[in-house]
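Dear colleague,

Please find the structure below, handed over for your records. My notes on what was found in it follow.

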Amino acid sequence: MKAVVIGCGRVGSAVAKQLALDGWGVTAVDEQEEALSRLGSGWSGGFVVGHGMDTDVLERAGLAEADAAVVATDGDNSNIVIGQVAQKRYGVACVVVRVLDPLRAEFYARRGLRTICPTQTAISFLTDAVRACDVAAVAEKP
């Protein structure tokens, strides 16, 4: 199975490395050549320098043959557009897009884009963590 990960920051590089460990053939894409260092010295997958909204870059990364695409650049607008291009133009079966804005993530999810919203995840975990606190026990301390 082949995956293309667009955006090779902390999140994208970690996803790329994990998928490679799981046996996927992975190509990462990033505008900064230095991002390759995040993949580690033992990285055996592909790496393409360029912007994920450039179809030449996506084609060099092999998006047309990919089974999955993960889009995790630092911009919601870019991620949404690249995700839609991966789905509609290249017919990638599994496209997962990081969207930081919860309302936009929900909006595009309702339209068939598989979105992951780290902001909403943090809200849920933080809220659950507070709810799990024994506030009465904490309040009784001197």
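Contact here means heavy atoms within 4.5 Å. Helices (H or I, at least four residues) and strands (E, at least two) are DSSP runs, numbered from the N terminus.

This is a predicted model, in which local features need pLDDT of at least 70 and side-chain atom pairs count only at pLDDT 80 or more, while totals for chains, interfaces and linings use all residues. Residues are numbered from 1 along each chain as its sequence is written, and side-chain values use heavy atoms, with hydrogens and water left out.

The buried residues in helix 1 are G12, S13, A16 and L19. Seen down the helix axis, the buried residues fall within an arc of 130 degrees, so they line one face of helix 1; the arc is that of the directions from the axis to the C-beta atoms. R10 and L21, on the other side of helix 1, are exposed. The twelve residues of helix 1 should span 16 Å at 1.5 Å a residue, and the end C-alpha atoms are 17 Å apart, which agrees; the expected span is 1.5 Å times one less than the number of residues. After helix 1 comes G23, with a positive phi near 100 degrees.

**Overall fold**

The protein has six helices and six strands, arranged along the sequence as β-α-β-β-α-β-α-β-α-β-α-α. Its C-alpha atoms fill a box of roughly 65 × 40 × 25 Å along the principal axes. Of the 142 residues, 37% count as buried. Among contacts between residues at least 6 apart in sequence, 45% join residues at least 24 apart.

G9 is in the loop between strand 1 (2-6) and helix 1 (10-21), and counts as partly exposed because its relative accessibility is 25%. Leaving aside residues up to four places away in sequence, G9 touches A14, D30 and R38.

R38 belongs to the loop between strand 2 and strand 3 (46-49). With 42% relative accessibility, R38 also counts as partly exposed. Beyond residues up to four places away in sequence, R38 touches C8, G9, R10, S13 and K17.

T27, in strand 2, has 9% relative accessibility and therefore counts as buried. Its contacts, not counting residues up to four places away in sequence, are K2, A3, V4, V5, G46, F47, V48 and A61.

**The largest pocket**

The largest pocket has a volume of about 390 Å³. On a 1 Å grid over the protein atoms alone, a pocket is an open set of points where a 1.4 Å probe fits, with protein on both sides within 12 Å along at least five of seven lines, and lining residues have an atom within 4 Å of a point. Grid points are joined across faces, edges and corners, and the volume is the space filled by probe spheres set on them.

The lining comprises 21 residues, of which G7, D30, A72, T73 and D74 lie nearest the centre of the pocket. Helix 1 gives the most to this lining, with three residues. By class, the lining has five nonpolar, ten polar and six charged residues; Ala, Val, Leu, Ile, Met, Phe, Trp, Tyr, Cys and Pro count as nonpolar, Asp, Glu, Lys and Arg as charged, and the others, Gly among them, as polar.

With kind regards

Definitions and conventions: Buried means under 20% relative accessible area, exposed over 50%, partly exposed in between (1.4 Å probe, protein chains only).
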